[in-house]
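Please open the model in your viewer with the chains coloured separately, and keep the sequence panel in view. The tour moves from one selection to the next, and at each stop it says what is to be found there.

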Amino acid sequence: MISPQLEVRNLRKSYDDGRIEALRGVNLTINAGEYVAISGASGSGKSTLLHLLGGLDVATTGEVLFEGATLGTTIDLDEYRAHRIGFIFQAFYLLPTLNALENVQVPMLAMSDSSGTRAERAEALLRELGLEHRLHQYPNELSAGERQRVAIARALANHPSILLADEPTGNLDSVNSARIMEILTGIQKKRGMTLIIVTHENDIANAAPRHIRIRDGRIEP
Amino acid sequence: MPSQLSFAGFAWKNLWRRRLRTLLTLCGIGMAIGAFVALVGFSRSFESEWLRLYSSSGTDIAVVDKNFMNSSVDQGVVAKVRAVPLVEEATPLIFNIMDLTPEVNAIVFGWLDDTYEFNSLTFTSGGRFHNGKPEAIIGDTLARNLNKKVGDPLEMQGSTFTVVGIFHGGTALEAGAVILPLDQMQQLSSMQGKVSGVHVHLRPIPAGETQEHYFKRAQAAIEAVVPGLDAQLASDRATNNQFVDLAHAVAWGTSAIALFVGILGIANTMAMSVFERTREIGILRAIGWKSWRVMMLIETEATVLGFAGGILGIGAGWAGLRLLAYLPKTNIFVSATLTPAHLLESMAISVLSGIIAGAYPAWRGAHLSPIEALRHD
């Protein structure tokens, strides 16, 4: 039997000495190459779940397993984020002092590739996302849609097997939202990657082959 | 070829985004290193001048009492030292520092008119003085400072001397000195029958004997005939005297304070930078940077500040030392020379200052929780 790529066991996350419970015992399995949408109201715990899946945060109790190995114990979280995960955020989170090409190279600085190889790969990714004419623009010179495309290129820089997107269209108009979703699903299919999107937009959530709803820190049946 | 991003280039871009703050920090560390270069350079130059003063005159051993600044030895010991078989020549001398004008002071020596120490001087005009006469010879730097030439009167402590010679000294200390006949200096210093010490030039080292062994033997032989006095190697006397120790202490003390302030400046800049870039540090952690790599980035930025501050400081310190070697008040003590070792040491201290100053901000930045950092406003 093939183990799931990601497995969540009785995951709980609380803040403020347990007074706030963001997740209340979540169990979940996600297979390699799946496209999953997680939706829920604000404060439902969907972003918290995504952060735990991506190794950005640690659970209060319970565990997250990647290919059968527990995050934070068997697998180092930094290594996991560096090699297995690509993050895409609602606010893009590009570094303002670097141009598009340089922003995409930042994750690769942690690798042993030569600077020439890094730059060539970054350029190829940006070309793939239709930004070949914006390589040397700084984030403040790019439109919101272009910034998110740079962020997607950056997320793909280290060949991750899982893309985690936290409200990737939250700061975009409808035209750009559709474009970004088209790009993300296209990448997921073309590369056979696992794509997990957190969204509060029903259209996006319902378009995913698998839709998980979270309410008050629990997955709705 | 697309533009390549290197680790160092990333660090530099982070520094350059706040140009004014970076430049002000560079000025701070630059001034600190400049003070170190100039002050420690001054004190080392002073020490080096003492060393050259002894070596250029051919003095191997100095016979003094144990107190360098106020050494006072009975002049009668000169004959006893001269009688030691290993001694080629022994000459008494007095030295002191005196104000010649409110702006100009000088080291004043009292010599015999036939001392071997004249061999290190080259007269540019005039010649030697004569024992028993109110005559003086002065170094060319001092002559320039005082605008004196041969035949001019020189007022010292209420007495008038005639300048009979101007010499080019081998060292800044000589070039800025006044040399009087020993008896005149004894009168001027109220040291009749006393001298500051006796300088000794030894006979050639016998074949088969090392210099170290020969000098030790000579020291022992001299101390045997003048009990209670020290026969010190000239090199030891030059480097371990109270003038030099005082100069070193002042230089290092002042430099340490300046360096402390400079380190605080870099630490403040890096702490501010880490605070302002908390979210960016969270982004770096989110995309897979390990905490040690974040630490390295911040430390690299601090080290770049230290390095650039070092270059700036060495330039400023060199200019400061040149100024000290030019001003009449100080040019008699130093020459504007910086050794490669001192420059290397200054750069190392500057870089080390950067590393020390960046340590805590780097540690703090590296240990931020990625998610907390991303949530930072």
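Is the crossing of H9(B) and H11(B) right-handed or left-handed? Before turning to the answer, bear in mind that this is a predicted model.

**First stop: a helix pair in chain B**

Select residues 242-276 of chain B, which form helix H9, together with residues 291-324 of chain B, which form helix H11. The two helices pack at an angle of about 145°, with their axes 11 Å apart, and the crossing of H9(B) and H11(B) is right-handed. To see where they touch, show the side chains of Ile266(B), Met270(B) and Val274(B) on H9(B), and those of Ile298(B), Glu301(B), Ala302(B), Leu305(B) and Gly306(B) on H11(B). Sorted by class, this contact of H9(B) with H11(B) consists of six nonpolar residues, one polar residue and one charged residue.

**Second stop: the two domains of chain B**

Now colour chain B by its domain assignment, in which domain 1 covers 7-49 + 244-375 and domain 2 covers 66-228. Taken over C-alpha atoms, the centres of domain 1 and domain 2 of chain B are separated by 44 Å. Where the domains meet, domain 1 of chain B gives eight residues to the contact and domain 2 of chain B gives eleven residues. On the side of domain 1 of chain B that touches domain 2 of chain B, the residues divide into four nonpolar, two polar and two charged.

Bring both chains into view and select the contact between them, to which chain B contributes 21 residues and chain A contributes 29 residues. On the side of chain B, helix H1 (7-16), helix H10 (278-286) and helix H13 (370-375) each supply at least two residues, and the largest share, four residues, comes from H1(B). The residues on this side of chain B fall into eleven nonpolar, five polar and five charged.

While helix H1 of chain B is selected, pick out Gly9(B), which lies in that helix.

Next select strand E7 (residues 153-156) and strand E8 (residues 159-168) of chain B, which run antiparallel and are joined by four bridges. Within this pair, Pro153(B) has Thr162(B) in E8(B) as its bridge partner. The hairpin of E7(B) and E8(B) has two residues between the strands, and in this hairpin Gln157(B) takes a positive phi near 50°.

Move to chain A, where four strands form an open sheet with antiparallel pairing, in the order E2-E1-E4-E5. Its edge strands are strand E2 (20-30) and E5 of chain A, each of which pairs on one side only. E4(A) and E5(A) run antiparallel and are joined by two bridges, and across this pair Leu65(A) stands opposite Thr70(A) in E5(A).

Glu67(A) is found in the loop between strand E4 (61-66) and strand E5 (69-70) of chain A, and has a positive phi of about 50° although it is not a glycine. Glu67(A) counts as partly exposed because it has 15 C-beta neighbours inside 10 Å. Asn10(A), which lies in strand E1 (residues 6-15) of chain A, also is not a glycine and has a positive phi, of about 45°. With 13 other C-beta atoms within 10 Å, Asn10(A) is partly exposed.

**Last stop: the six-stranded sheet of chain A**

Finally, select the open sheet of six strands in chain A, whose order is E6-E7-E8-E3-E9-E10 and whose pairing is mixed. The edges are strand E6 (85-89) and strand E10 (218-219) of chain A, each pairing on one side only. Five bridges join E6(A) to strand E7 (residues 162-166) of chain A, and these two strands run parallel. To end the tour, centre the view on Ile88(A), which stands opposite Ala165(A) in E7(A).

Terms used: Residues are numbered from 1 along each chain as its sequence is written. Chains are lettered from A and ligands numbered from 1 in the order in which they are written. This is a predicted model: local features need pLDDT of at least 70, side-chain atom pairs count only at pLDDT 80 or more; totals for chains, interfaces and linings use all residues. Axes are lines fitted to C-alpha atoms, for helices over the stretch in contact, and angles run from 0 to 180 degrees between N-to-C directions. A crossing is left-handed if the near helix is turned anticlockwise from the far one by less than a right angle, and right-handed if clockwise. Two residues are in contact if their C-beta atoms, placed from the backbone, lie within 7 Å. Ala, Val, Leu, Ile, Met, Phe, Trp, Tyr, Cys and Pro count as nonpolar, Asp, Glu, Lys and Arg as charged, and the others, Gly among them, as polar. Domain bounds come from an automatic or database domain assignment. Two strands pair if DSSP finds at least two bridges between them. A residue is buried if 20 or more other C-beta atoms lie within 10 Å of its own, exposed if 12 or fewer, and partly exposed in between; C-beta atoms are placed from the backbone.
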